[in-house]
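Visitor: I would like a close look at one part of this chain, the packing of its helices. Please set out the chain as a whole before going into that part.

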Amino acid sequence: MAALGCALVLTGCSTGQKSGNLDGVAVGEEFSREAASLSWPDGFPIPSPRYQEMDHPTVPGRSPGRAQPGVGMSDADSAWFCAWENYYLQDPTSHADKVVTQLRGLHAMHMYQVASDANTREYFDNIVSSLELGDAGLLHKDVEANCTASSGVTPVGPR
């Protein structure tokens with residue numbers, strides 16, 4: 001019995017997991033690994049993971065949180081997508097081709113392949129397809145709706 005208790009304690013402490021979910025440290029590590037694997041536009045450094053609140057809530061009465069595996073990867077992919085959209089907005093004429101090339105890479109990412117349903121994948125596909133045709137309307141709408149300072153990417157460009 002004592003050996004089982006010791007094994008459970010060691011397992012819980014060493015993985016940052018409880019019931020298959022990740023604590024803030026593990027989600028931050030997942031984010032950092034994914035973000036480091038991506039190509040970021042000039043002037044957009046890799047954002048810092050922001051998951052400390054999960055382990056140390058600042059709201060009175062809130063318990064430490066957990067997240068499903070993959071949340072950190074999806075958050076990094078989302079921040080990457082927003083960074084490239086904002087890069088486009090800095091200078092649409094000179095950045096368009098590079099941005100389209102980068103955004104096409106979304107299909108290989110966790111956020112697109114695993115974390116998105118068919119409607120969400122279609123949403124992203126429409127942004128990229130429209131941009132390929134020279135129409136940045138959907139990109140502008142996405143930036144306004146989803147690329148805020150809380151995403152780790154500071155919005156830039158015309159509003």
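Guide: Read from the N terminus, the elements follow the order α-β-β-α-α-α-α-α-α-α, that is, 8 helices and 2 strands. Helices (H or I, at least four residues) and strands (E, at least two) are DSSP runs, numbered from the N terminus. This is a predicted model, in which local features need pLDDT of at least 70 and side-chain atom pairs count only at pLDDT 80 or more, while totals for chains, interfaces and linings use all residues. Residues are numbered from 1 along each chain as its sequence is written, and side-chain values use heavy atoms, with hydrogens and water left out.

The average pLDDT (the predictor's confidence in each residue, from 0 to 100) is 78 for the chain, and 70% of the residues score at least 70. Contact here means heavy atoms within 4.5 Å. Of the contacts in the chain with a separation of 6 or more, 65% join residues 24 or more positions apart. Of the 159 residues, 37% count as buried; buried means under 20% relative accessible area, exposed over 50%, and partly exposed in between (1.4 Å probe, protein chains only).

Now the helix packing. Two packed helices are described by the angle between their axes and the distance between the axes. Axes are lines fitted to C-alpha atoms, for helices over the stretch in contact, and angles run from 0 to 180 degrees between N-to-C directions. Angles under 35 degrees count as roughly parallel, over 145 as roughly antiparallel, 65 to 115 as roughly perpendicular and the rest as oblique.

Helix H4 (residues 71–90) and helix H5 (residues 92–104) cross at roughly 160 degrees, their axes coming within 7 Å. H4 is therefore roughly antiparallel to H5. On the H4 side the contact is formed by Trp80, Phe81, Trp84, Tyr87, Tyr88, Leu89 and Gln90, and on the H5 side by Pro92, His95, Ala96, Lys98, Val99, Gln102 and Leu103. By class, these residues are 10 nonpolar, 3 polar and 1 charged. Ala, Val, Leu, Ile, Met, Phe, Trp, Tyr, Cys and Pro count as nonpolar, Asp, Glu, Lys and Arg as charged, and the others, Gly among them, as polar.

Proline 41, in the loop between helix H2 (24–36) and helix H3 (52–55), also touches Trp84 and Tyr87, together with Ala83, leaving aside neighbours within four places in sequence. Proline 41 counts as buried because its relative accessibility is 3%. Its C-alpha atom is 9.5 Å from that of tyrosine 88, 47 residues away in sequence.

Helix H7 (residues 118–132) packs on helix H8 (residues 137–146) at about 135 degrees, with the axes 8 Å apart, so H7 is oblique to H8. Tyr123, Asn126, Ile127, Ser130 and Leu131 of H7 meet Leu138, Leu139, Asp142 and Asn146 of H8. This contact has 5 nonpolar, 3 polar and 1 charged residues.

Aspartate 125 is also in H7. Not counting residues up to four places away in sequence, aspartate 125 touches His107 and Tyr112. Its relative accessibility is 26%, so aspartate 125 counts as partly exposed. The C-alpha atoms of aspartate 125 and leucine 103 are separated by 9.3 Å, at 22 residues apart along the chain.
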